[in-house]
Amino acid sequence: MSEPALRVEKLSTHFFTRQGVVKAVEDVSFSVAPGKILGLVGESGSGKSMTGFSIMGLIDAPGRVVAGRILLGGRDLLALAPEAMRQIRGNRIAMIFQDPMMTLNPVLRIDTQMVEAIHAHAAVSRAAARARAREALARVGIPAPDERLSAYPHQFSGGMRQRVAIAIALLNQPELIIADEPTTALDVTIQGQILFELQQLARASGTALIWISHDLSLMAGLADAISVMYAGRIVEHGSVDAVLDAPLHPYTQGLIASVPSRNRRGEPLHQIPGMTPSLLEPAPGCAFRERCSRADGACAADPPMSSPAAGRQVRCFHPLPA
């Protein structure tokens, strides 16, 4: 079995505010093999994006990673100096943000930004860098890429800007790409095209991909494995077919039941009762217990991560039958 491209071990990221400590990510562990796609799913505020930012080293004060290891090729990224991490970021690891304006500089032409991204990590001529940038734009479906290289971000639509951001992430053929809901602003046709391209990239080049999303139907056709996050923790993990066909955690079951279905046309959508708990100094015990129909007195303690079946993990005292 090949060594994982990325291994995250007991990662915890906290924000130290005047009101108290916000435990945005707590005791998160997972791994991604080369050429595989891991889906990181959950409600807004569950810690998905913060996990991605922690891996990229993009946590600013008052937040910081307080525990854990992030191993890329066996090398702990948390032990690196800022300059060493800068050489890895955008080269060996790339991130596609949900908002393309976090990636694009509004006052620089697209070719300037893409060529700079290449020159930061590779000693190639400007002509070769521009040719690589043109190829990347064509791969994500930008029409007339030669002309578009000379345009500014404000001359693109929101969906086109997102495609440019995805192209920039592909420029240096990274070992790992973290995609934070990058196709939200795209129409279905272009979304399907980009998902296919990223799948092909992962399979052909061995690039590992972490796809952050709340869209379970998208995950069903994209990911190899799924990690479900709730209140800063991973509560269930397994292959995409196993998790979606036979969820073990009540929260995962609630997410799947909330997806609109043609089989229940005209019926009200299922809802998970209650609200996501505050991550500011959370109370001990299972964070989902106030919303869970299976909760009892045992849930006042923190449930450990267990493996009730091969390749399956669940953080629950009362998991659903497999």
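Asp241 counts as exposed, at 53% relative accessibility (exposed means over 50% relative accessible area, buried under 20%, and partly exposed in between, with a 1.4 Å probe and protein chains only). Asp241 lies in helix α9, residues 240-245. Helices here are DSSP runs of H or I with at least four residues, strands are runs of E with at least two, and both are numbered from the N terminus. Between Asp241 and Arg291 there are 50 residues in sequence and 25 Å in space, C-alpha to C-alpha.

The model is predicted, and local features need pLDDT of at least 70, side-chain atom pairs count only at pLDDT 80 or more, and totals for chains, interfaces and linings use all residues. Residues are numbered from 1 along each chain as its sequence is written, and side-chain values use heavy atoms, with hydrogens and water left out.

**Salt bridges**

Side chains of opposite charge can pair when their charged atoms come close. The structure holds nine salt bridges, a salt bridge being a side-chain nitrogen of Lys or Arg within 4 Å of a carboxyl oxygen of Asp or Glu.

| Lys10 | Asp27 | 3.8 Å |

Lys10 and Asp27 meet through their side chains in a salt bridge. This pair links distant parts of the chain, with Lys10 in strand β1 (residues 6-16) and Asp27 in strand β2 (residues 21-32), 17 residues apart. Lys10 is exposed at 54% relative accessibility, whereas Asp27 is partly exposed at 25%.

Arg92 lies in the loop between α2 (82-88) and β6 (93-96), and Glu175 in the loop between α6 (158-170) and β7 (176-180), so the pair ties together parts that are 83 residues apart in sequence. Arg92 is partly exposed, at 22% relative accessibility, and Glu175 is partly exposed, with a relative accessible area of 33%.

Arg130 is partly exposed at 25% relative accessibility, while Asp111 is buried with a relative accessible area of 0%. Arg109, Asp111 and Arg130 are linked in a network of salt bridges.

Asp180 is found in strand β7. Asp180 is buried yet has no salt bridge, and the nearest side chain of opposite charge, Lys48, is 6.7 Å away. Leaving aside neighbours within four places in sequence, Asp180 is in contact (heavy atoms within 4.5 Å) with residues including Ser49, Phe53, Met95 and Ile212.

**Helix α6**

Helix α6 has 13 residues and reaches 19 Å from its first C-alpha to its last, close to the 18 Å expected at 1.5 Å a residue. The expected span is 1.5 Å times one less than the number of residues. Twelve of the 13 residues of α6 are buried, among them Gly159, Arg161, Arg163 and Leu170. The buried residues of α6 pack against β6, α3, α4, α5 (145-148), β7 and α7 (188-205).

**The open sheet**

Four strands form an open sheet in the order β2-β1-β4-β5, with antiparallel pairing. Strands β2 and β5 (75-76) stand at the edges, each with a single partner strand, so one side of each is left without a neighbour in the sheet. Two strands pair if DSSP finds at least two bridges between them. Strand β4 (residues 63-72) is joined to β5 by two bridges, and Leu71 stands opposite Asp76 in β5. Helix α1 (residues 48-56) packs on the sheet and touches β1, β2 and β4, and the direction of α1 makes about 105° with that of β1. Axes are lines fitted to C-alpha atoms, for helices over the stretch in contact, and angles run from 0 to 180 degrees between N-to-C directions.

Strands β1 and β2 pair in the antiparallel sense over eight bridges. Arg7 stands opposite Ser31 in β2. The hairpin of β1 and β2 has four residues between the strands, and Gly20 takes a positive phi near 145° there.

Terms used. Lys and Arg count as positive and Asp and Glu as negative; His and the chain ends are not counted.
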